[in-house]
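Thanks for coming. Please have a look at the structure on the screen, and then we will go through two topics.

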Amino acid sequence: MPTKNFHNRVVVIGAGFSGLSCSCHLAKMGFSVTLIEKNDQAGGRARAYSDKGFTWDMGPSWYWMPDVFEKFFGTFDKQVSDYYQLDRLDPSYRIKFKNDTIDIPASMTELEELFEQIEPGSSKKLQSFLKQAKYKYDVGVKKLVYKPSRSLLEFVDIKLLLGLLKMDVFTSIAKHVRKHFKDERLIQLMEFPILFLGATAENTPALYSLMNYADLSLGTWYPKGGMKSVVNGMETLAEELGVNIKLGEEVSNFSFSGNKVVSVNTSNERYECDMVVAGADYHHVDQHLLPEPFQNYSKKYWDSRVLAPSSLLFYIGVDKKLPSLEHHTLFFDEDFKQHASEIYDNPQWPSKPLLYVSATSKTDETVAPKGKENLVVLIPVAPDIEDTEEIREKYFDIIMDKLEAFTGEDIRNHILTKRSYAHREFLEDYHSFKGNAYGLANTLLQTAILKPSLKNKKLKNLYYTGQLTVPGPGVPPSLISGEVVAKEIAKDFPIFKD
């Protein structure tokens with residue numbers, strides 16, 4: 001039981017989606033929350049970058065699972081529309097295959113017609129596939145991902161165990177997709193969302209076909225102004241709830257009393273606290289901010305983790321429109337397996353890279369000057385590999401060759417501004433473990449209770465949230481992670497009231 005001198009001061013480190021979510025939930029519960037962020041704007045990887053009238057989302061650019069965002073804001077008696085405007089994209093995205101280009105329609109009827117054109121008989125199989133995927137989504141996203149995974153007993157629920165048997169946890173998404181579809185283009189389309197989970201389709205449980213339901217049934221959306229609009233909405237909500245947000249302050253260390261953290265220290269300030277939530281990179285906090293006796297895991301443990309990819313990104317402003325590109329365009333014009341192998345099996349820079357292009361200026365007139373295009377180009381790459389300017393420029397040339405061939409346009413001579421971003425910046429800006437972009441890969445052996453624990457085992461008041469703990473990488477899981485941790489703190493440290 002708490003004592004009379006129990007206080008309710010929580011310091012949350014890191015103002016990414018999980019840190020903002022956790023702060024909002026804790027503040028609503030009555031805790032006094034200070035949120036500390038090392039960078040000069042909130043959002044973590046979802047910060048925005050502006051130059052010469054262009055604005056780019058620096059990280060996440062896909063708005064999926066709109067129900068998770070609605071649930072988040074609904075918890076505070078708010079609506080998404082109170083903070084930002086949301087529009088469904090149609091087509092959802094464009095895919096450039098080796099020999100043709102396909103647009104993925106928002107309408108399910110049109111999508112079934114497209115599947116039928118590509119592979120006769122596949123529309124019925126799509127219906128069956130998505131029916132199973134919806135079940136997994138309903139159980140997985142509405143039940144499993146809200147488990148804190150601190151004990152196996154959480155999963156000892158007859159309904160849940162029976163549900164798990166139908167969730168295809170022990171078969172791969174690669175096998176599951178191939179049971180339904182034969183055409184290589186449809187297979188790549190159905191495996192594509194797995195890229196967001198940070199593992200190959202062969203090593204990802206078929207449970208994650210729930211991502212196909214999120215993609216094809218729930219749709220691809222866009223918040224006007226970009227993903228930073230979502231961050232701004234959450235930041236505003238946090239302030240409305242009384243969260244004290246401190247930007248531009250990096251945590252340097254902690255002060256301890258016995259097995260408790262008693263203050264979080266930056267170069268500017270000492271923040272006394274009763275609980276701490278680390279939404280900063282878990283590995284950085286565990287291995288670099290904590291003394292060895294208080295570390296949750298060993299160096300050997302961390303080095304044995306399977307990481308999601310890093311990314312080589314280019315933020316490009318072009319002084320002309322590029323009609324051949326959609327808001328989201330995926331280039332699956334090279335060997336998918338080879339690129340994946342060069343990320344996971346034999347880490348190296350890809351010999352024939354796949355790439356993704358975002359052009360939010362297709363949808364949003366506020367992110368680029370009139371008649372111009374803002375491009376974000378992303379190549380998934382292995383974490384922890386050499387990152388030099390020469391290598392980046394080599395891949396920039398490959399990207400330009402692809403884009404100019406695809407669009408039939410001269411792009412190089414119309415670039416007004418360009419910035420690259422890869423391992424070095426992920427390390428510098430986020431202390432990202434081995435320069436990864438997405439967190440831990442969602443392999444079977446890194447799922448639920450097998451992920452790094454959200455609670456420190458040696459310090460009674462230190463918790464973790466974000467992409468290296470439960471439920472995993474991605475924006476919606478990060479929102480959920482913040483809520484899960486807040487509820488665990490409320491259970492472990494009920495606020496004492498005289």
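First, a definition: Ala, Val, Leu, Ile, Met, Phe, Trp, Tyr, Cys and Pro count as nonpolar, Asp, Glu, Lys and Arg as charged, and the others, Gly among them, as polar. This is a predicted model, where local features need pLDDT of at least 70, side-chain atom pairs count only at pLDDT 80 or more, and totals for chains, interfaces and linings use all residues. Residues are numbered from 1 along each chain as its sequence is written, and side-chain values use heavy atoms, with hydrogens and water left out.

Now the cavities. A search of the whole structure turns up four of 30 Å³ or more. A cavity here is a set of points on a 1 Å grid over the protein atoms alone, where a 1.4 Å probe fits but cannot get out. What lines the largest cavity? H25, V68, K71, F72, Y146, L479, I480 and E483 do, each with an atom within 4 Å of a point. Helices α2 (66-74) and α15 (475-492) each give two or more residues to that lining. By class, the lining has five nonpolar residues, one polar and two charged. The space inside is about 40 Å³.

Next, a helix pair. Helix α6 (residues 173-180) packs with helix α7 (residues 184-191) at an angle of about 140°, their axes 10 Å apart. That makes α6 oblique to α7, since angles under 35 degrees count as roughly parallel, over 145 as roughly antiparallel, 65 to 115 as roughly perpendicular and the rest as oblique. Which residues meet? A174, V177 and R178 in α6 meet E184, I187, M190 and E191 in α7, where contact means heavy atoms within 4.5 Å. Those contact residues are four nonpolar, no polar and three charged.

Note on methods. Axes are lines fitted to C-alpha atoms, for helices over the stretch in contact, and angles run from 0 to 180 degrees between N-to-C directions. Helices (H or I, at least four residues) and strands (E, at least two) are DSSP runs, numbered from the N terminus. On a 1 Å grid over the protein atoms alone, a cavity is a set of points where a 1.4 Å probe fits but cannot get out, and a pocket is an open set with protein on both sides within 12 Å along at least five of seven lines; lining residues have an atom within 4 Å of a point. Grid points are joined across faces, edges and corners, and a volume is the space filled by probe spheres set on the points.
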